[in-house]
Amino acid sequence: MILGTSRAVRVFAYPEAVDLRKGYDGLFGLVKQGLARDPLSGELYLFVNKRRDSCKVLVWDGTGLCIFQKRLERGRFASPWREDGHVVRMTASELALFIEGCDLVGRRSLSPDVVFPTPAGA
């Protein structure tokens, strides 16, 4: 997968189905308005269509916006939408599993929580 990132990179799934005919400007607007996040932060933003057979990932790589897209020939992606409408947050590893077709993504935590080191003597 081209999106080689570390665990420190945050991934946010848009909380409802998206018309994937949207390009850079449309997805940029969804991140700004719908997620209230900065599309130029380097975080990854996942968008999935209503049939859940296609997805796009929007990311700023430091020089420009990139869109990565995948369409499944069979099956469906896991639903990245929650009943309460809250944004599903994933790790980069969970995003990779999602793109590979793992149906557990979004239904249960697949990664351990981030560990924040404490200074010695604290």
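Predicted model: local features only at pLDDT ≥ 70, side-chain atom pairs only at ≥ 80, totals over all residues.
**View 1. Val57 in strand 3 is the bridge partner of Leu46.** Numbering starts from 1 along each chain as its sequence is written, and side-chain values use heavy atoms, leaving out hydrogens and water. Strand 2 and strand 3 run antiparallel and are joined by five bridges (strands pair if DSSP finds at least two bridges between them). Strands are DSSP runs of E with at least two residues, helices are runs of H or I with at least four, and both are numbered from the N terminus. The two strands make a hairpin with five residues between them.

**View 2. Arg52 sits in the turn of that hairpin with a positive phi of about 60 degrees.** Arg52 belongs to the loop between strand 2 and strand 3, and the positive phi turns up here in a residue other than glycine. Is Arg52 buried, exposed or partly exposed? Arg52 is partly exposed, at 23% relative accessibility (buried is under 20% relative accessible area, exposed is over 50%, and partly exposed is in between, with a 1.4 Å probe and protein chains only).

**View 3. Ala36 also has a positive phi, of about 55 degrees, although it is not a glycine.** You'll find Ala36 in the loop between helix 1 and strand 2. At 62% relative accessibility, Ala36 counts as exposed. For background, most residues other than glycine have a negative phi.

**View 4. Strand 2 is mostly covered, with five of its five residues buried.** Leu44, Leu46 and Val48 point one way from the strand, while Tyr45 and Phe47 point the other way.

**View 5. Strand 1 and strand 2 pair in the parallel sense over three bridges.** Phe12 stands opposite Tyr45 in strand 2, and Ala13 has Leu46 of strand 2 as its bridge partner.

**View 6. The model holds three aromatic pairs, and the one shown here is Phe12 with Tyr45.** Their ring centres are 6.1 Å apart and their planes meet at 20 degrees, so the pair is stacked (Phe, Tyr and Trp rings, with Trp's six-membered ring used, pair if their centres lie within 6.5 Å; planes under 30 degrees apart are stacked, over 60 edge-to-face, and the rest tilted). Phe12 lies in strand 1 (residues 11-13) and Tyr45 in strand 2 (residues 44-48), so the pair ties together parts that are 33 residues apart in sequence. Phe12 is buried, with a relative accessible area of 8%.

**View 7. Tyr14 and Phe47 make a tilted pair.** The ring centres are 5.7 Å apart and the planes are at 35 degrees. Tyr14 is in the loop between strand 1 and helix 1 (24-34) and Phe47 is in strand 2, 33 residues apart, which makes this another link between distant parts of the chain. Tyr14 is buried as well, with a relative accessible area of 10%.

**View 8. Five strands form an open sheet in the order 4-3-2-1-5, with mixed pairing.** Strand 4 and strand 5 stand at the edges with a single partner strand each, so one side of each is left without a neighbour in the sheet. From one strand to the next, the twist averages 20 degrees. Helix 1 packs on the sheet, touching strand 2, strand 3 and strand 4, and its direction makes about 100 degrees with that of strand 4. Contact here means heavy atoms within 4.5 Å, and angles run from 0 to 180 degrees between N-to-C directions of lines fitted to C-alpha atoms, for helices over the stretch in contact.

**View 9. Helix 2 packs on the sheet too, and its direction makes about 105 degrees with that of strand 5.** Which residues of helix 2 (residues 92-100) are buried? They are Ala92, Glu94, Leu95, Phe98 and Ile99. These buried residues pack against strand 1, strand 2, strand 3 (54-60), strand 4 (65-71) and strand 5 (88-90). Just after the helix, Gly101 takes a positive phi of about 105 degrees.
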